[in-house]
Each structure stands twice: as C-alpha cells, then as structure tokens.
Amino acid sequence: MLGWGQPLSPLTSSLCLPLPGFRRWLCSAAAAPRVCVVGSGPAGFYTAQHILKHHGGAQVDIYEKLPVPFGLVRFGVAPDHPEVKNVINTFTQTARSGRCAYHGNVTIGRDVTVAELQQAYHAVVLSYGAEDNRVLGIPGENLSGVHSARAFVGWYNGLPENQDLNPDLSCETALILGHGNVALDIARILLSPLQLLRKTDITDGSLAALACSKVKRVWLVGRRGPLQVAFTIKELREMINLPGARPVLNPADFTGLEDAVKDAPRPRKRLTELMIKTALEKPLEKPLETVSPREWGLKFQRSPQEVLPTADGSRARGVRMALTRLEGSGDSAKAIPTGDMEELECGLVVSSIGYRSLPLDPAVPFDTQRGIIPNSSGRVEGVPGLYCSGWVKRGPTGVIITTMNDSFDTAQSVLEDLQGGVLDVSTSREGFGAMESILRSRGVRPVSFSDWEKIDAAEVARGKAAGKPREKIVDLQEMLRIIGPQPLLSDLCKWLLLVPL
Amino acid sequence: MAAAGPVQLLRAAAASSRRWLFSASPAAGTWPGCGSAAAAVRAARPFSLSARAVLSSEDKITVHFINRDGDKLTAKGKPGDSLLDVVVSNNLDIDGFGACEGTLACSTCHLIFEDHIFEKLDAITDEEMDMLDLAYGLTETSRLGCQICLKKSMDNMTVRVPEAVADVRQSVDMSKNS
C-alpha cells in the first residue's frame, strides 16, 4: 500500500515473502546490501521504496542533483494539480526510513563518477530522468518569444535554472507545438483565472507575470490528427471545463471519427468522443464565455517549418506550417506534407514535443537514437550491478502509475540479482561513508533529508502568509543558506569531548 | 459526485498524516506511519469515531482482497468507508495502492469486482472513468477503490487487485508531438 502508513510492519513482517531465499541469506551473510539510486523523482523513490520493502536488510541511498527532492513531482506536475503531489507523503516516509538516506546537491557524473558509486555500492540504479528536450530543428527556433515546454514549466514551477526565462506575455495569441499533457498544462496555466492559480504553489514571480499577461488565445498544434493526440482524457476534460475559456474545435476535423473509434481501445474511444462532443456542442452554453474572451483550440495536421521573425528580426511573430495528410492509421500514422503552407500569427511559441534523456557518464551505455539507457527489465546491458528505472529506462512518456510499475519492475530485478547471487554481497561496501569523504575533498556539501525539511518548513511558512500551500524557494544559494552551515567534523569532536565533562 | 464525502475525509486524513510526519521525531520509528495512518484517518473524522464506538462488530462489513500474488487478505470496514479507507486503516499490504490518497488523480486503487456486486454499485462518474482509462489490466467490472463505499449488502464480498501488466496506455505518449 502506498498512501500513508504501511511501512514498518510490512517491512519487517513480509520482507521475505516475495523471495523466500532472503531469510536464509539474512541469517548467513554479514554485509547488508548497499544500493544507490541516482535521482529523487518518482522513479528513484518508487525503486527505493520497493527494494526497502521487499528486502529487510538493504540500505538505500538516494542521490539528487538539486538540494530539494522529488524531481518532476515538484518541478513538472502542474501547480493546480496538488492531488498528484500527494505521492510526496509516501516518498517522505521512505526517505525517513532508517534504512534510507537522501543526499541532495550531489551531481553524479560531475561531483562523483558512476565508477566511484559502483565501488561504494553493491548495486547502482540510474533514475535521473530526462533533463533535456527534443528540439524542432527549424529556422527561427532560437528567436526571442520561443521557449521549450520544459523551460516554461520549470519557470512557473520554480526550477532554479529557469527562473530567468522571463517569457513575454504581452501578445494575444500563444502557439503550443504538441498535443501532449504538458502542452495542455501550459495552455491551462496561460488561460486559468488568476484567482485559481493564486491558491496553488505556483511561484510568486510567474504569478506576477501571468497577472499582466495579455494572452487570451492559445492554439495547440499537432502534426497528425485527432486519433494521434497524446494527452489523456482527464487533462482534456479539465481544459474543456476551465472557467472563462472557450474551446474552439473545428467540427470538420472530426468528420467520420465516431465510426473510426467504434472498436478502438476504451481510452482512445472515450478521448475521441469527448473531442467530438465538444466540437459539435453549440457555443454559449457556458455563461462565462460572454464575460471572458479567452479561448483555446486544437489544430491538426500542421507541421512547423519556420518561426517567422518580426520585421526588425528581434522576435517571433508567427509560425509557418506545412499542412499534412496522414499515411497509415493509428499510432503509427505518418504526417506527410501536402505542399500547402499556412502562417499562424502569434507572439509566444512553446515547443512541447517531448523531453529527452542525456547520457550521464562515459561508463554508462546510452542509446542516443532512442534517448534511453539500453536495458532489460532495468538491468543495464553489459554492466552487471548497474540498473535504470523511469524515463531514462523507457523514454519520457506515461503518467505516475507507469513510472511506478516500471520502477517496481527494476527493483524486482535488483532483488532477484541479490537473491540469485548475481550481485556479490559477500564483501561489505562502504556506501555513503566512502562518498562522504570524496565529496568533502571536492568541496561538495551534500544536503540531507532533514536539511530539506528545513527548506520545506520555510516554504510552507512563506506560502501561509500568501494563502498558498507553499512559496517555493527558487534560488539555490538561498536554499543552502536556510539549511545553515555544514557541521564540521572538528565541531563534532569538540562536542563529543565536552559531553563527559 | 457520489463519493464526495469520503474523498474529502481522505484529503483531510492525508493532510493530518503529513503534519504528523513532520512533527514526529525520527527516533520514534524507522518508518513512521502504519498505526498512525489509521489514527490520522480517525482523527480527521471525529463524528465517525463516535459512531464507531457504538458500532458492534456485527455492523462491520467484511471484505476479502485477492492480492497480486494470489494471497487473500481479509479486513473489516464500516458502512460508508471507502475500500481505500479499508486498505489504509487495516494496513493491508498491497503494493502501490492509493498513490494519490483518494483524490481521483491516479488509478492505483483499481479493483476488480464480482459481477453481482458490480451491478449494484453506485453510478460511475466521468472523472472516475477518466482515471480508469489509465488503469492497468482494466476489466468489465473494474472500479476505483477510493470511489466505492461499503454497504451492508457487500458483506463478505471478494475484490481482486489487478496484476500490474502493461496495457494499451503504455503506448500513450504524453510528451511527444502528435
């Protein structure tokens, strides 16, 4: 069970159930298996949770590049989706388990190599996600007014590296390239009534920018058709029901689709039916529409060719699109340009065509084509003792349950390898003990989970004053200031000497 | 929404459980939560607590869960409890169950019902259907446990936890251009 409680008794009582061999192992072997997880997003925490729960002796250390934990739950999940962030409660319980430790502010591949981790741990799990985005590769992509969805989401969610994004929201029309949930999230944030956003943990800075926003129309543009959209129905329904914003769907885009999805799998069928119903619905059914002029719509079968500059070349004024026809059907349908072009005017372009994982370290194999670490059930190909889970394992797709199942799968591989002797646990490994001295020698100050709890408390306190669940601290130095200085070994010695006196 | 009440309560429970987490001393236990989770649920519902006091064990409803490994877990709840309440308060060991804590934001409390019970369940909302669309191993008699409230007629029913198997949704790509 994942929600609140659980942990202690299942940890102790059922630790041997799934893999009975452990009981014997626990009695005969001396060294506790030390496992390290790289990345503290959902993949990292779900992997750690499963290993801890099903192996009563394992010690799991979770490393994180940022001082603060939880990855995309904190920096990806939209601020108006606090329910999804409830998973943090369970992650917190995992982090506070006596057999788990969190070490933030440590960049693997820079501060520490994967080889060094492998020296210190019996098993290393890479769950560092997808920190880059796919690029359009078209002229004008770098013009002012063009942003990646990753950066835009990072901006309103308080990701330190995106705090200077400063998007220009003085235009009336925004164009989002992509038909995924991230695209819908951004459209919703751009068009939501401010009083709804005020109650969320959206950053103060982005809220102030949105308060001055002139954006009143958002187009979501995709290369393919309605049957190929990647967003899920919950997010679409939310967008359709957004107060003060009117959906604009062209009924012609949906001609004949009702028949086409009759025998489609249920999710695709219901999603398409909701789009059709919305497209055919008579306008003015929502009384708010007359009050607010905001609107959004889906445009299909348009492939971006160039971001068009203003006359002075300083910024984006629109996107030239190639109209496409579809070859094939279903998920594998391909968009083929028809030769016709169209220009869409807009002052803001957000490219939401996917996240992308990056290679971490030369010691780790990486499939640049697919953007993943080649693996089988999470076991990294050709490197015993190395595992991966989450987006870096299967690509940047899916909802939280996808990552949960995928992480449990990798954890199961680790557990099997511990049981089957693939991982040699006869010699003990030092774990964080070894890392600590390496980090100290390199001037890196690791952040513990109780350090994070100080940041968390400060954020909650600041948020309370503004009626928000929290006000995220967006500056790395400020985070470290809140934690206070790292206790020095010499101080500790002094203290120990003083106690007997 | 049919189950608005319990959902609200669970939200409150989650919140109070969170407060508890952060005020507890780390020394209190290696993994805080179990017993206190149920306590948090109870603390968040003073009225049902007093109701609970007068309920005899006969008023309780027994539910059998067939877990993924085939194990049968049996627990009791009182009328009005959701199946997620039952799992949480009885500390049933079902991997990954109830990730969003009953707020209709995930599908990890997906359960499969017996036909005769399924037919009598309260009508399903669009929002529950939307989340079920993302569930693994969806069947004709699937519902989300957080949305199903116990009734006397459900006494001794058996629900099955679906296996975590891939289904069509794995091919749904949230972030790729379409």
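Let's start inside this predicted model, at Phe91(A), whose relative accessible area is 0%, so the residue is buried. Phe70(A) has a relative accessibility of 2%, under the 20% cut-off, and therefore counts as buried too.

Tyr102(A) and Phe449(A) make an edge-to-face pair, with 5.9 Å from centre to centre and 85° between the planes. Here the link spans 347 residues, from strand β3 (residues 100–103) of chain A, which carries Tyr102(A), to helix α18 (residues 449–465) of chain A, which carries Phe449(A). Tyr102(A) is buried at a relative accessible area of 2%, and Phe449(A) is buried at 7%. Both pairs belong to one aromatic cluster, whose members are Phe45(A), Tyr46(A), Phe70(A), Phe91(A), Tyr102(A), Phe408(A), Phe449(A) and Trp452(A).

Now turn to the sheet. In chain A, 6 strands form an open sheet with parallel pairing, in the order β6-β14-β7-β8-β10-β9. At its edges stand β6 (146–148) and β9 (245–248) of chain A; each has a single partner strand, so one side of each lacks a neighbour in the sheet. On average, neighbouring strands of this sheet are turned by 20° against each other, direction ignored.

For a look at one pairing, take strand β7 (residues 173–177) and strand β8 (residues 217–221) of chain A, which run parallel and are joined by 5 bridges. Among the partners, Ala174(A) is bridged to Val218(A) in β8(A). Lying across β7, β8, β9, β10 (294–299) and β14 (348–351) of chain A is helix α8 (residues 181–191) of chain A, which runs at about 175° to β8(A).

Our last stop is helix α7 (residues 149–156) of chain A. Why is this helix largely enclosed by the rest of the structure? The reason is that 8 of its 8 residues are buried, including Arg150(A), Phe152(A) and Trp155(A). After α7(A) comes Gly158(A), which has a positive phi, near 85°.

Conventions
Residues are numbered from 1 along each chain as its sequence is written. Chains are lettered from A and ligands numbered from 1 in the order in which they are written. This is a predicted model: local features need pLDDT of at least 70, side-chain atom pairs count only at pLDDT 80 or more; totals for chains, interfaces and linings use all residues. Side-chain values use heavy atoms; hydrogens and water are left out. Buried means under 20% relative accessible area, exposed over 50%, partly exposed in between (1.4 Å probe, protein chains only). Helices (H or I, at least four residues) and strands (E, at least two) are DSSP runs, numbered from the N terminus. Two strands pair if DSSP finds at least two bridges between them. Axes are lines fitted to C-alpha atoms, for helices over the stretch in contact, and angles run from 0 to 180 degrees between N-to-C directions. Contact means heavy atoms within 4.5 Å. Rings of Phe, Tyr and Trp (its six-membered ring) pair if their centres lie within 6.5 Å; planes under 30 degrees apart count as stacked, over 60 as edge-to-face and the rest as tilted.
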